[in-house]
Amino acid sequence: MSLSTNPTRDGVKALYWPVQMRRNVGVRGLFLVILAFIIAYGILFPGLFSVFGFAKFTQSWFPLALVTMAQALLMLAGGISLAIGPLVSLGAVIAATTMTQSLGVAGGAAAVALAGLLIGAATGFIVVKLRLPAIVVTLAGSFVIAGAALLILPRPGGAMPPWVSNLLAGGTPAAFGLLVLIVLGWKLYLATPLGISLYAAGENPIGAYRSGVPVDKALIAAYAISGLLCTGAGLFVAAQTGSGDPVIGQSFTLNSIAAAVLGGVGFLGGQGTMRGALAGSLLLSLMISVMFFLGFTPVAQYVAQGLIIVGAVALPQLKGLRR
Amino acid sequence: MPFLAARDVSKAFFGNPVLRGVSIALMPGQIHALLGENGAGKSTLINLLSGALAIDSGAIEIDGQPISNMSPQAARKAGIAVVQQELSLTASLSIAENIGLGAYPRRFGLIDYAALERGAAAVCRLVGLKEPLSTPVGLLPLGRRQMVEIAKALYRKPRVLILDEPTSSLSASETRTLIELLGVLRCEGVAILYISHRLNEVMAIGEHVTVLKDGVRTADQPLAGTDAAGLVRLMVGRDPGDLFPTWQPSAQTPTVVSLSGFCAGMVRDVELTVREGEVLGIGGLVGQGQEDLLLGLYGALPAKAASASVGAAQELPGSVPRANSLGLAYIPADRKREGLHLIHSILTNIMLPTLSRIPALKPRSRSSERRIAEQLATRFMIKGDLSRPAQALSGGNQQKVALAKWMPQDPAVLLLNDPTRGVDVETKREIYALLRNLAAAGKAVVLLSSDTPELVHLCDRVAVMREGRISALIERQDLSEEAIVSAAVGVEPKRVAA
């Protein structure tokens with residue numbers, strides 16, 4: 001580890017970049033595995049390296065990437081969410097019922113974003129101020145939110161403006177571009193005092209409080225951002241399918257946890273990195289695609305997926321035991 | 001005028017007074033030492049001074065002005081920084097990010113990493129941290145983390161610096177660096193409150209000393225001219241009253257446990273024998289390896305020994321069931337979490353260790369269980385209906401249940417971890433009598449205690465631990481509070497040597 005800081009180097013970058021590089025240490029192995037999967041995928045499906053193939057693959061990854069970020073945020077905050085899926089569904093039905101109707105595209109997008117932020121912040125407020133376990137609050141919340149989605153759109157329907165669908169889920173890698181922007185936004189957030197406080201508040205809340213960190217504010221902000229990411233993923237899913245489906249998000253709750261865990265995010269708060277979580281979601285997407293091309297039946301896919309996740313989590317533990 | 005002062009402050013927890021009318025004044029440019037035994041009220045006083053706890057009566061003054069509602073925020077604003085014993089660091093963040101936590105320099109709303117680096121590098125130089133500032137704190141050994149914690153306090157440029165046993169996890173050279181640093185800060189006019197159990201350290205750097213005993217100030221004087229033995233006398237010397245049963249010498253009895261070269265957790269190379277019918281005390285300052293010694297012997301913590309004989313076996317038990325079958329029983333300090341199952345009845349709690357002894361497929365006999373439990377309840381003076389949940393009992397009665405539950409197995413060795421902590425005086429008396437009776441019945445009682453009078457008046461021998469080793473094994477005729485505390489804080493024992 002020769003990543004020493006050089007204090008004399010130019011200004012801001014001198015400390016910021018070594019800190020960033022340090023965060024790679026835990027996820028390098030994961031990056032290598034992903035590279036191997038990408039190569040395997042490229043061999044099975046050479047079309048991946050065309051613009052269209054890349055666009056389609058990143059589109060299938062995009063919503064999982066978003067919900068994994070949402071889940072990882074809460075796990076870093078020392079919590080967890082079981083309401084990820086229902087929030088995706090809610091985002092999808094709001095988008096499908098507003099964007100072609102009264103509110104228009106901009107108004108609809110704003111409604112989707114507002115719903116995510118408010119529901120997230122409310123969840124965070126309940127968890128933090130009433131000191132309730134996040135798993136219980138979000139479990140209860142998942143019923144409320146899933147019910148709300150069904151009330152808005154009792155059966156699949158609604159519509160998305162075709163140009164939105166074409167833009168987000170057409171033949172261009174616009175979704176990937178969007179993801180890059182979202183990741184940059186996260187980096188920017190993490191460079192603020194409030195953003196980095198999330199780690200301290202999640203791992204050692206008492207120490208953070210004593211150090212003058214606004215612990216409650218940092219945690220509630222994390223819940224709000226997490227909600228926004230979920231409903232945003234819902235909007236994208238609606239654009240992909242062209243309409244709204246009140247139960248479309250179901251599988252995302254557990255997949256988001258699986259991907260975050262795969263990416264090295266721990267359950268105890270403050271452990272792990274967002275780049276790890278994103279890599280975990282990418283690996284999960286790749287695994288699903290590769291197994292599909294290898295002709296695994298969907299049931300066998302689930303079994304293999306589960307085994308790989310347990311193996312990935314057990315690996316560091318086994319390494320620790322041997323020491 | 002003192003930067004920070006407490007005037008006549010008192011504090012009680014659940015009716016138990018912890019501090020009674022204590023005053024202390026921290027002057028600029030002075031290193032003020034605070035001494036006291038375990039539980040004398042030192043940590044409470046720090047928490048009051050730093051706003052982490054609210055005072056019951058008295059006043060906290062900053063620059064001579066009484067502060068009506070002291071809070072951690074108000075303390076920070078007034079330039080009071082505390083280096084706590086439990087660290088406030090975040091393992092996954094870098095050294096620099098930890099140092100600046102809660103006080104980051106900003107530029108356009110973002111953390112100004114350049115300014116943070118300059119500030120952090122400056123304080124790291126002061127405390128002698130040479131690791132790259134980008135190193136995650138989680139990768140550092142404990143001593144270096146303590147230095148980060150100190151650097152973090154200095155980063156805020158405090159006027160008052162409170163250090164709670166800062167050297168307990170530091171190496172000798174780190175301690176030297178810290179002591180030099182405190183000298184520099186003193187010259188810059190910082191008021192320093194220094195809590196340490198290491199008397200020679202305190203004697204070397206302190207200028208003024210306040211001694212607490214049982215929540216009362218027993219001394220407040222310049223350190224010059226006082227000797228270590230005098231300070232120890234000020235820390236100890238409680239009147240035992242009639243709390244303890246009269247002690248009778250026990251005859252020379254066979255040993256049940258003998259260890260040599262025993263290592264477990266932070267315990268290093270301990271040699272110890274336990275005899276039938278004796279009460280062997282384990283003393284020392286909190287966290288010197290006493291608990292690891294008991295847990296290692298009990299098979300609850302990985303342990304090894306050059307040679308060991310435990311009951312009938314010529315090896316360490318290695319697991320709890322094996323320890324139980326060799327006749328060892330452990331009564332933990334945290335009875336609410338480790339000793340009892342609070343929501344279950346007293347009866348269930350008492351029978352739990354015995355259940356595994358009943359052949360698995362034989363139906364349980366409720367009536368015989370109740371009979372056994374009732375006998376034990378009478379013998380141990382457990383008050384209350386046996387079917388009530390354990391959480392309904394007072395702390396003292398809970399402790400008796402935690403002890404009674406081992407009796408059906410007739411253990412040969414009882415390992416007790418601070419059994420009278422947080423127990424009222426009356427129950428203490430009962431527990432002391434019980435322990436002496438058990439010893440008289442031939443059981444070996446190993447009593448880990450943070451209460452020095454208990455060790456002096458109840459034990460046949462006391463092993464005092466310091467930094468994972470037994471620093472003194474004091475026989476009955478030499479037992480005194482001074483002898484134990486001297487051995488615990490590392491002052492040369494005078495009369496103990498014999």
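Trainee: How many residues of domain 1 of chain B are in contact with residues of domain 2 of chain B?

Mentor: The model is predicted. In it, 9 residues of domain 1 of chain B are in contact with 8 residues of domain 2 of chain B. On the domain 1 side, helix α8 (residues 228-235) of chain B gives the most, with 3 residues. By class, that side of domain 1 of chain B has 3 nonpolar, 3 polar and 3 charged residues.

Trainee: Where do the two domains of chain B run in the domain assignment?

Mentor: The assignment places domain 1 at 4-235 and domain 2 at 255-489 of chain B. Their C-alpha centres lie 36 Å apart.

Trainee: Is B:Val445 buried or exposed?

Mentor: B:Val445 counts as buried, because it has 23 C-beta neighbours inside 10 Å, where 20 or more are required. This residue lies in strand β20 (residues 444-448) of chain B. Leaving aside residues up to four places away in sequence, B:Val445 touches B:Val279, B:Leu414, B:Leu416, B:Leu435, B:Leu438 and B:Ala439.

Trainee: What describes two packed helices?

Mentor: One gives the angle between their axes and the distance between the axes. Here, helix α5 (residues 104-129) of chain A and helix α6 (residues 134-152) of chain A pack at an angle of about 145°, with their axes 10 Å apart. The crossing of α5(A) past α6(A) is right-handed.

Trainee: Which residues of α5(A) and α6(A) meet?

Mentor: A:Ile119, A:Thr123, A:Ile126 and A:Val127 in α5(A) meet A:Ala134, A:Val137, A:Thr138, A:Gly141 and A:Ile145 in α6(A). The residues of this contact divide into 6 nonpolar, 3 polar and no charged.

Conventions:
Residues numbered from 1 in each chain as written. Chains lettered and ligands numbered in written order. Predicted model: local features only at pLDDT ≥ 70, side-chain atom pairs only at ≥ 80, totals over all residues. Domains from an automatic or database assignment. Contact = placed C-beta atoms within 7 Å. Helix = DSSP H or I, 4+ residues; strand = E, 2+ residues; numbered from the N terminus. Nonpolar A, V, L, I, M, F, W, Y, C, P; charged D, E, K, R; others polar. Buried ≥ 20, exposed ≤ 12 C-beta atoms within 10 Å, placed from the backbone. Axes fitted to C-alpha atoms, helices over the stretch in contact; angles between N-to-C directions. Left-handed = near helix turned anticlockwise from the far one by under 90°.
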